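Me: Could you take me through this structure? I would like to begin with how the chain is divided.

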Amino acid sequence: MIAVVVVRDGVLPQGADEAAAECGGRVLLAGSGTVMAAEALATSLAGQVYLLELAATGFQPAHFAAAIAPHLAGEPHVVLPASADGRDLAPRLAALLRRPLHAGAIAVTPSRVDLARNGGTELHRATPAPEFLATLLPGVRGVTPCPGAEHTVEVLAPLPAAAAPAAGGPTDPTVVAVLPPDPATIDLSEAPRIVAAGAGLDGPERIPQLTAVGRAIGASMGATRVVTDRGWVPHARQIGTTGVVVDPSLYLAFGISGAVQHTSGLGTPAHTISVNTDAHCPMMQMADLAVVADANETLDHLERLLGRPAEGDAGTMQEGVA
Ligand SMILES: Cc1cc2nc3c(=O)[nH]c(=O)nc-3n(C[C@H](O)[C@H](O)[C@H](O)COP(=O)(O)OP(=O)(O)OC[C@H]3O[C@@H](n4cnc5c(N)ncnc54)[C@H](O)[C@@H]3O)c2cc1C
(Lines give C-alpha, C1' and ligand atoms only; values in the text may rest on other atoms or scores of the structure.)
Protein backbone atom coordinates (compact mmCIF):
# COMPACT_ATOMS: atom_id res chain seq x y z
CA MET A 1 0.00 0.00 0.00
CA ILE A 2 1.11 3.58 -0.59
CA ALA A 3 -0.28 6.87 0.68
CA VAL A 4 -0.58 9.86 -1.65
CA VAL A 5 -0.50 13.21 0.11
CA VAL A 6 -0.93 16.65 -1.45
CA VAL A 7 1.49 19.18 0.05
CA ARG A 8 1.03 22.94 -0.21
CA ASP A 9 4.11 25.09 0.49
CA GLY A 10 5.66 22.38 2.66
CA VAL A 11 2.55 22.01 4.83
CA LEU A 12 1.10 18.52 5.32
CA PRO A 13 -2.70 18.30 5.38
CA GLN A 14 -4.74 16.89 8.25
CA GLY A 15 -4.45 13.10 8.39
CA ALA A 16 -1.23 12.87 6.32
CA ASP A 17 0.64 10.97 9.05
CA GLU A 18 -2.30 8.59 9.58
CA ALA A 19 -2.55 7.76 5.87
CA ALA A 20 1.21 7.18 5.75
CA ALA A 21 1.10 5.01 8.89
CA GLU A 22 -1.80 2.98 7.46
CA CYS A 23 0.52 2.18 4.52
CA GLY A 24 3.43 1.13 6.73
CA GLY A 25 5.21 4.46 6.19
CA ARG A 26 5.21 4.31 2.36
CA VAL A 27 4.09 7.70 1.11
CA LEU A 28 4.25 9.81 -2.05
CA LEU A 29 4.30 13.53 -1.23
CA ALA A 30 3.19 15.61 -4.22
CA GLY A 31 3.03 19.37 -4.50
CA SER A 32 5.16 22.32 -3.38
CA GLY A 33 7.75 22.13 -0.59
CA THR A 34 7.83 18.33 -0.47
CA VAL A 35 11.31 18.22 1.12
CA MET A 36 10.10 20.33 4.04
CA ALA A 37 6.97 18.19 4.33
CA ALA A 38 9.07 15.01 4.44
CA GLU A 39 11.10 16.50 7.30
CA ALA A 40 7.87 17.33 9.17
CA LEU A 41 6.60 13.79 8.65
CA ALA A 42 9.86 12.37 9.99
CA THR A 43 9.16 13.90 13.41
CA SER A 44 6.47 11.28 13.98
CA LEU A 45 6.95 8.47 11.49
CA ALA A 46 9.67 6.35 9.90
CA GLY A 47 9.09 5.37 6.33
CA GLN A 48 9.86 5.22 2.66
CA VAL A 49 9.06 8.59 1.13
CA TYR A 50 8.78 9.53 -2.53
CA LEU A 51 8.81 13.22 -3.45
CA LEU A 52 7.11 14.61 -6.55
CA GLU A 53 7.65 18.34 -6.67
CA LEU A 54 4.84 20.01 -8.64
CA ALA A 55 5.42 23.56 -7.50
CA ALA A 56 4.85 25.29 -10.80
CA THR A 57 1.13 24.68 -11.03
CA GLY A 58 -0.10 25.23 -7.44
CA PHE A 59 -2.73 22.65 -6.44
CA GLN A 60 -4.68 21.83 -9.57
CA PRO A 61 -6.39 18.47 -9.12
CA ALA A 62 -6.59 17.51 -12.81
CA HIS A 63 -2.91 18.37 -13.39
CA PHE A 64 -1.87 16.64 -10.17
CA ALA A 65 -3.84 13.52 -11.05
CA ALA A 66 -2.24 13.41 -14.52
CA ALA A 67 1.24 13.84 -13.02
CA ILE A 68 0.80 11.34 -10.16
CA ALA A 69 -1.15 8.53 -11.87
CA PRO A 70 1.78 7.13 -13.94
CA HIS A 71 3.82 6.70 -10.74
CA LEU A 72 1.04 4.54 -9.27
CA ALA A 73 0.83 2.04 -12.11
CA GLY A 74 2.52 -0.65 -10.01
CA GLU A 75 0.73 0.26 -6.78
CA PRO A 76 -2.51 -1.69 -6.42
CA HIS A 77 -3.61 -0.13 -3.11
CA VAL A 78 -3.53 3.66 -2.76
CA VAL A 79 -4.67 5.62 0.31
CA LEU A 80 -5.20 9.39 0.48
CA PRO A 81 -6.07 11.38 3.61
CA ALA A 82 -9.69 12.55 3.43
CA SER A 83 -8.46 16.15 3.71
CA ALA A 84 -9.93 18.78 1.38
CA ASP A 85 -7.21 18.28 -1.27
CA GLY A 86 -7.20 14.50 -0.78
CA ARG A 87 -10.96 14.34 -1.38
CA ASP A 88 -10.52 16.51 -4.46
CA LEU A 89 -7.70 14.43 -5.93
CA ALA A 90 -8.89 10.90 -5.10
CA PRO A 91 -11.80 10.61 -7.59
CA ARG A 92 -9.69 12.06 -10.41
CA LEU A 93 -6.90 9.58 -9.69
CA ALA A 94 -9.41 6.73 -9.47
CA ALA A 95 -10.87 7.71 -12.85
CA LEU A 96 -7.44 7.92 -14.50
CA LEU A 97 -6.32 4.59 -13.00
CA ARG A 98 -9.74 3.03 -13.71
CA ARG A 99 -10.11 1.72 -10.17
CA PRO A 100 -12.91 1.91 -7.61
CA LEU A 101 -12.64 4.51 -4.83
CA HIS A 102 -13.71 3.75 -1.25
CA ALA A 103 -14.30 7.20 0.28
CA GLY A 104 -14.36 7.90 4.02
CA ALA A 105 -12.56 4.80 5.34
CA ILE A 106 -11.51 4.37 8.96
CA ALA A 107 -9.25 1.37 8.26
CA VAL A 108 -7.70 0.04 5.06
CA THR A 109 -5.91 -3.22 4.27
CA PRO A 110 -5.39 -4.79 0.83
CA SER A 111 -8.27 -7.20 1.49
CA ARG A 112 -10.65 -5.16 3.64
CA VAL A 113 -11.89 -1.56 3.86
CA ASP A 114 -13.92 -0.33 6.84
CA LEU A 115 -16.07 2.67 5.99
CA ALA A 116 -17.88 5.12 8.27
CA ARG A 117 -21.36 5.86 6.95
CA ASN A 118 -24.44 7.86 8.00
CA GLY A 119 -22.51 10.43 9.98
CA GLY A 120 -20.32 7.82 11.66
CA THR A 121 -23.22 5.86 13.13
CA GLU A 122 -22.71 2.85 10.82
CA LEU A 123 -19.64 0.77 10.00
CA HIS A 124 -19.69 -0.74 6.51
CA ARG A 125 -17.12 -3.43 5.72
CA ALA A 126 -16.13 -3.80 2.04
CA THR A 127 -14.07 -6.44 0.28
CA PRO A 128 -12.22 -4.36 -2.30
CA ALA A 129 -11.23 -5.18 -5.86
CA PRO A 130 -7.61 -6.29 -6.35
CA GLU A 131 -6.70 -2.68 -7.20
CA PHE A 132 -8.41 0.25 -5.48
CA LEU A 133 -8.11 3.70 -3.93
CA ALA A 134 -9.42 4.80 -0.54
CA THR A 135 -9.58 8.02 1.45
CA LEU A 136 -8.87 7.70 5.19
CA LEU A 137 -10.78 9.93 7.64
CA PRO A 138 -8.38 12.03 9.74
CA GLY A 139 -8.45 11.70 13.52
CA VAL A 140 -9.71 8.12 13.73
CA ARG A 141 -6.64 5.93 13.37
CA GLY A 142 -4.09 8.02 15.24
CA VAL A 143 -0.32 7.55 15.03
CA THR A 144 2.05 6.42 17.74
CA PRO A 145 4.77 9.11 17.68
CA CYS A 146 8.21 7.84 16.78
CA PRO A 147 10.50 10.84 17.53
CA GLY A 148 13.71 11.04 15.54
CA ALA A 149 12.45 8.53 12.99
CA GLU A 150 14.40 8.45 9.75
CA HIS A 151 13.00 8.25 6.24
CA THR A 152 14.48 6.89 3.11
CA VAL A 153 13.70 9.55 0.52
CA GLU A 154 13.55 9.18 -3.25
CA VAL A 155 12.90 12.14 -5.51
CA LEU A 156 10.67 11.28 -8.47
CA ALA A 157 11.06 13.14 -11.74
CA PRO A 158 7.79 14.40 -13.25
CA LEU A 159 7.04 12.37 -16.38
CA PRO A 160 6.87 14.76 -19.37
CA ALA A 161 3.97 12.94 -21.00
CA ALA A 162 1.95 13.26 -17.81
CA ALA A 163 2.60 16.93 -17.19
CA ALA A 164 -0.88 17.97 -18.35
CA PRO A 165 -4.28 16.27 -18.53
CA ALA A 166 -5.14 14.73 -21.90
CA ALA A 167 -6.70 17.06 -24.48
CA GLY A 168 -10.47 17.06 -24.11
CA GLY A 169 -10.10 15.54 -20.62
CA PRO A 170 -10.91 17.16 -17.30
CA THR A 171 -9.62 20.67 -16.75
CA ASP A 172 -8.89 22.63 -13.60
CA PRO A 173 -10.86 25.63 -12.39
CA THR A 174 -9.06 28.95 -12.18
CA VAL A 175 -8.35 29.80 -8.54
CA VAL A 176 -9.18 33.46 -8.01
CA ALA A 177 -8.39 33.57 -4.28
CA VAL A 178 -8.09 31.16 -1.36
CA LEU A 179 -10.16 32.43 1.56
CA PRO A 180 -9.55 31.20 5.12
CA PRO A 181 -12.45 29.13 6.48
CA ASP A 182 -14.95 30.74 8.85
CA PRO A 183 -14.53 28.96 12.22
CA ALA A 184 -18.27 29.39 12.89
CA THR A 185 -19.31 27.33 9.89
CA ILE A 186 -16.32 25.10 9.09
CA ASP A 187 -16.95 21.36 9.26
CA LEU A 188 -15.90 20.48 12.84
CA SER A 189 -13.89 17.50 11.65
CA GLU A 190 -11.59 19.91 9.80
CA ALA A 191 -11.35 22.60 12.49
CA PRO A 192 -7.77 23.23 13.66
CA ARG A 193 -9.00 24.78 16.95
CA ILE A 194 -12.09 23.93 18.96
CA VAL A 195 -13.73 25.40 22.04
CA ALA A 196 -16.20 22.90 23.46
CA ALA A 197 -19.20 23.23 25.76
CA GLY A 198 -20.03 20.73 28.50
CA ALA A 199 -22.70 20.32 31.14
CA GLY A 200 -20.67 22.55 33.49
CA LEU A 201 -21.97 25.58 31.56
CA ASP A 202 -24.97 27.05 33.34
CA GLY A 203 -27.32 27.90 30.47
CA PRO A 204 -27.91 28.08 26.71
CA GLU A 205 -26.83 31.75 26.65
CA ARG A 206 -23.29 30.49 27.27
CA ILE A 207 -23.21 29.00 23.76
CA PRO A 208 -23.15 32.33 21.81
CA GLN A 209 -20.64 33.59 24.36
CA LEU A 210 -18.42 30.53 23.85
CA THR A 211 -18.82 30.84 20.07
CA ALA A 212 -17.70 34.49 20.23
CA VAL A 213 -14.69 33.65 22.42
CA GLY A 214 -13.84 30.88 19.96
CA ARG A 215 -14.15 33.26 17.01
CA ALA A 216 -11.69 35.64 18.70
CA ILE A 217 -9.03 32.93 18.75
CA GLY A 218 -9.95 31.36 15.39
CA ALA A 219 -11.62 28.35 16.99
CA SER A 220 -14.84 26.53 16.15
CA MET A 221 -17.50 25.62 18.71
CA GLY A 222 -18.29 21.99 19.59
CA ALA A 223 -20.14 20.30 22.46
CA THR A 224 -20.74 17.13 24.43
CA ARG A 225 -23.82 15.00 23.98
CA VAL A 226 -25.35 16.29 27.22
CA VAL A 227 -25.32 19.77 25.68
CA THR A 228 -26.69 18.70 22.29
CA ASP A 229 -29.38 16.59 24.01
CA ARG A 230 -30.47 19.74 25.86
CA GLY A 231 -30.97 21.37 22.47
CA TRP A 232 -28.45 24.14 23.14
CA VAL A 233 -26.29 23.14 20.19
CA PRO A 234 -27.21 21.27 16.95
CA HIS A 235 -26.25 17.60 16.82
CA ALA A 236 -23.78 18.33 13.98
CA ARG A 237 -21.56 20.04 16.58
CA GLN A 238 -21.47 17.05 18.95
CA ILE A 239 -18.03 15.50 19.38
CA GLY A 240 -17.67 11.81 20.16
CA THR A 241 -18.54 8.28 19.23
CA THR A 242 -22.10 9.17 18.24
CA GLY A 243 -21.08 12.59 16.96
CA VAL A 244 -18.26 14.00 14.87
CA VAL A 245 -14.67 12.75 15.06
CA VAL A 246 -12.36 15.76 15.24
CA ASP A 247 -8.60 16.21 15.19
CA PRO A 248 -7.75 19.79 16.22
CA SER A 249 -4.33 20.97 17.27
CA LEU A 250 -5.90 23.02 20.09
CA TYR A 251 -8.87 21.82 22.16
CA LEU A 252 -10.40 23.91 24.97
CA ALA A 253 -12.97 22.09 27.12
CA PHE A 254 -15.34 24.14 29.30
CA GLY A 255 -17.10 22.09 32.00
CA ILE A 256 -16.53 18.71 30.32
CA SER A 257 -15.93 15.59 32.43
CA GLY A 258 -14.12 13.67 29.67
CA ALA A 259 -16.32 10.57 29.34
CA VAL A 260 -14.79 8.04 26.98
CA GLN A 261 -17.69 8.44 24.51
CA HIS A 262 -16.60 12.07 24.17
CA THR A 263 -12.81 11.75 24.23
CA SER A 264 -12.78 8.86 21.75
CA GLY A 265 -13.88 11.39 19.12
CA LEU A 266 -11.14 13.85 19.98
CA GLY A 267 -8.21 12.66 17.88
CA THR A 268 -4.81 13.66 19.23
CA PRO A 269 -4.79 17.41 19.95
CA ALA A 270 -1.30 18.87 20.34
CA HIS A 271 -2.64 21.14 23.10
CA THR A 272 -5.58 20.37 25.41
CA ILE A 273 -6.88 22.91 27.91
CA SER A 274 -9.62 22.01 30.36
CA VAL A 275 -11.56 24.33 32.67
CA ASN A 276 -13.39 22.40 35.37
CA THR A 277 -14.21 22.65 39.07
CA ASP A 278 -13.24 18.99 39.53
CA ALA A 279 -9.45 18.73 39.36
CA HIS A 280 -9.59 14.94 39.13
CA CYS A 281 -12.05 14.28 36.29
CA PRO A 282 -10.66 12.51 33.15
CA MET A 283 -10.70 15.68 31.03
CA MET A 284 -8.42 17.43 33.56
CA GLN A 285 -6.12 14.39 33.61
CA MET A 286 -5.87 14.50 29.80
CA ALA A 287 -5.19 18.24 29.64
CA ASP A 288 -1.72 19.75 29.39
CA LEU A 289 -3.18 22.90 30.97
CA ALA A 290 -5.82 22.08 33.60
CA VAL A 291 -7.57 25.15 35.02
CA VAL A 292 -9.48 24.46 38.26
CA ALA A 293 -12.13 27.17 38.03
CA ASP A 294 -15.76 27.89 37.27
CA ALA A 295 -16.10 27.54 33.50
CA ASN A 296 -18.82 30.22 33.36
CA GLU A 297 -16.74 32.81 35.21
CA THR A 298 -13.73 31.90 33.07
CA LEU A 299 -15.79 32.53 29.94
CA ASP A 300 -16.88 35.92 31.33
CA HIS A 301 -13.22 36.82 31.91
CA LEU A 302 -12.18 35.61 28.46
CA GLU A 303 -14.96 37.59 26.83
CA ARG A 304 -13.83 40.76 28.62
CA LEU A 305 -10.23 40.04 27.64
CA LEU A 306 -10.87 39.20 23.98
CA GLY A 307 -13.99 41.26 23.28
CA ARG A 308 -16.86 39.95 21.16
CA PRO A 309 -15.69 40.02 17.56
CA ALA A 310 -18.33 40.52 14.90
CA GLU A 311 -19.21 37.51 12.75
CA GLY A 312 -16.60 36.99 10.05
CA ASP A 313 -13.97 38.85 12.12
CA ALA A 314 -12.18 35.63 13.02
CA GLY A 315 -8.92 34.82 14.65
CA THR A 316 -7.51 38.24 15.50
CA MET A 317 -5.50 36.71 18.37
CA GLN A 318 -4.78 33.39 16.75
CA GLU A 319 -1.01 33.37 16.83
CA GLY A 320 -0.75 34.56 20.43
CA VAL A 321 -3.05 31.87 21.74
CA ALA A 322 -1.52 28.81 20.09
C1 LIG B 1 -24.04 4.98 23.64
C2 LIG B 1 -23.55 6.34 24.11
C3 LIG B 1 -23.01 7.19 23.19
C4 LIG B 1 -22.55 8.44 23.59
N5 LIG B 1 -21.99 9.29 22.67
C6 LIG B 1 -21.50 10.47 23.10
C7 LIG B 1 -20.86 11.36 22.18
O8 LIG B 1 -20.75 11.10 20.99
N9 LIG B 1 -20.35 12.52 22.66
C10 LIG B 1 -20.44 12.87 23.98
O11 LIG B 1 -19.95 13.95 24.35
N12 LIG B 1 -21.06 12.06 24.85
C13 LIG B 1 -21.58 10.88 24.45
N14 LIG B 1 -22.20 10.10 25.35
C15 LIG B 1 -22.44 10.61 26.71
C16 LIG B 1 -21.20 10.48 27.59
O17 LIG B 1 -21.20 9.20 28.20
C18 LIG B 1 -21.22 11.55 28.71
O19 LIG B 1 -22.43 11.47 29.41
C20 LIG B 1 -21.07 12.98 28.20
O21 LIG B 1 -19.96 13.08 27.33
C22 LIG B 1 -20.85 13.90 29.38
O23 LIG B 1 -20.90 15.23 28.95
P24 LIG B 1 -20.38 16.39 29.87
O25 LIG B 1 -18.93 16.18 30.14
O26 LIG B 1 -20.81 17.66 29.24
O27 LIG B 1 -21.24 16.22 31.20
P28 LIG B 1 -20.87 15.62 32.62
O29 LIG B 1 -20.28 14.27 32.53
O30 LIG B 1 -22.09 15.78 33.46
O31 LIG B 1 -19.71 16.57 33.16
C32 LIG B 1 -19.89 17.90 33.51
C33 LIG B 1 -18.57 18.40 34.02
O34 LIG B 1 -18.70 19.78 34.32
C35 LIG B 1 -18.00 20.02 35.52
N36 LIG B 1 -18.60 21.22 36.11
C37 LIG B 1 -19.78 21.33 36.76
N38 LIG B 1 -20.00 22.62 37.07
C39 LIG B 1 -18.94 23.30 36.61
C40 LIG B 1 -18.58 24.67 36.61
N41 LIG B 1 -19.36 25.61 37.13
N42 LIG B 1 -17.41 25.04 36.03
C43 LIG B 1 -16.58 24.11 35.49
N44 LIG B 1 -16.87 22.81 35.46
C45 LIG B 1 -18.04 22.41 36.00
C46 LIG B 1 -18.15 18.78 36.34
O47 LIG B 1 -17.09 18.70 37.31
C48 LIG B 1 -18.07 17.72 35.27
O49 LIG B 1 -16.72 17.30 35.09
C50 LIG B 1 -22.66 8.84 24.96
C51 LIG B 1 -23.21 7.94 25.87
C52 LIG B 1 -23.65 6.71 25.46
C53 LIG B 1 -24.23 5.78 26.47
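Reply: Domain bounds come from an automatic or database domain assignment. For this protein, that assignment gives domain 1 (2-162) and domain 2 (188-321). The model is a predicted one: local features need pLDDT of at least 70, side-chain atom pairs count only at pLDDT 80 or more, and totals for chains, interfaces and linings use all residues. Residues are numbered from 1 along each chain as its sequence is written.

Me: What distance separates the centres of domain 1 and domain 2?

Reply: The centres are 31 Å apart, taken over C-alpha atoms. The contact between the domains takes 8 residues from domain 1 and 8 residues from domain 2; two residues are in contact if their C-beta atoms, placed from the backbone, lie within 7 Å. On the side of domain 1 that touches domain 2, the residues divide into 3 nonpolar, 5 polar and no charged. Here Ala, Val, Leu, Ile, Met, Phe, Trp, Tyr, Cys and Pro count as nonpolar, Asp, Glu, Lys and Arg as charged, and the others, Gly among them, as polar.

Me: And the protein as a whole? How many helices and strands does it have?

Reply: There are 10 helices and 14 strands. Helices (H or I, at least four residues) and strands (E, at least two) are DSSP runs, numbered from the N terminus. The C-alpha atoms fill a box of roughly 65 × 40 × 40 Å, taken along the principal axes.

Me: What radius of gyration does the protein have?

Reply: The protein has 21 Å, which agrees with the value near 20 Å that a compact globule of 322 residues would have. The radius is taken over C-alpha atoms, and the globule rule is 2.2 Å times the number of residues to the power 0.38. Of the contacts with a separation of 6 or more, 66% are accounted for by residues 24 or more positions apart.

Me: What percentage of the residues count as buried?

Reply: Of the 322 residues, 45% count as buried. A residue is buried if 20 or more other C-beta atoms lie within 10 Å of its own, exposed if 12 or fewer, and partly exposed in between, with C-beta atoms placed from the backbone.

Me: Helix H3, then. Is it mostly covered or mostly open?

Reply: Helix H3 (residues 61-68) is mostly covered, with 8 of its 8 residues buried. Among them are Pro61, His63, Phe64 and Ile68. The buried residues of H3 pack against strand S1 (2-7), strand S2 (26-31), strand S3 (47-53) and helix H4 (84-97).

Me: What about strand S8? How many of its residues are buried?

Reply: In strand S8 (residues 132-136), 5 of 5 residues are buried. Phe132, Ala134 and Leu136 point one way from S8, while Leu133 and Thr135 point the other way.

Me: Which strands pair with S8?

Reply: Strand S4 (residues 77-81) pairs with S8 in the parallel sense over 5 bridges, and His77 has Phe132 as its bridge partner in S8. S5 also runs parallel to S8, joined by 3 bridges, and His102 stands opposite Ala134. Two strands pair if DSSP finds at least two bridges between them.

Me: Where does S5 go next?

Reply: Strand S5 (residues 101-109) is joined by 4 bridges to strand S6 (residues 112-117), and the two run antiparallel. S5 and S6 form a hairpin with 2 residues between them, and Ala107 has Asp114 as its bridge partner in S6. S6 in turn pairs with strand S7 (residues 122-126) in the antiparallel sense over 5 bridges, where the partner of Leu115 is His124. The hairpin of S6 and S7 has 4 residues between the strands, and Asn118 takes a positive phi near 50° there.

Me: Changing topic: which residues come nearest to the ligand?

Reply: Of the 28 residues around the ligand, Gly198, Gly200, Arg225, Gly240 and Ser257 come nearest. The elements that give two or more residues to this shell are helix H6 (225-229), helix H7 (260-263), strand S13 (271-276) and helix H9 (295-306). H6 gives the largest share, 3 residues. The shell divides into 9 nonpolar, 16 polar and 3 charged residues.

Me: One last item. Why does Gly214 count as buried?

Reply: Gly214 counts as buried because it has 27 C-beta neighbours inside 10 Å. Gly214 is found in helix H5 (residues 206-216). Leaving aside neighbours within four places in sequence, Gly214 is in contact with Pro183, Val195, Ala219, Ser220 and Met221. Gly214 and Val195 are 19 residues apart in sequence and 5.9 Å apart in space, C-alpha to C-alpha.

Terms used
Near = placed C-beta within 6 Å.
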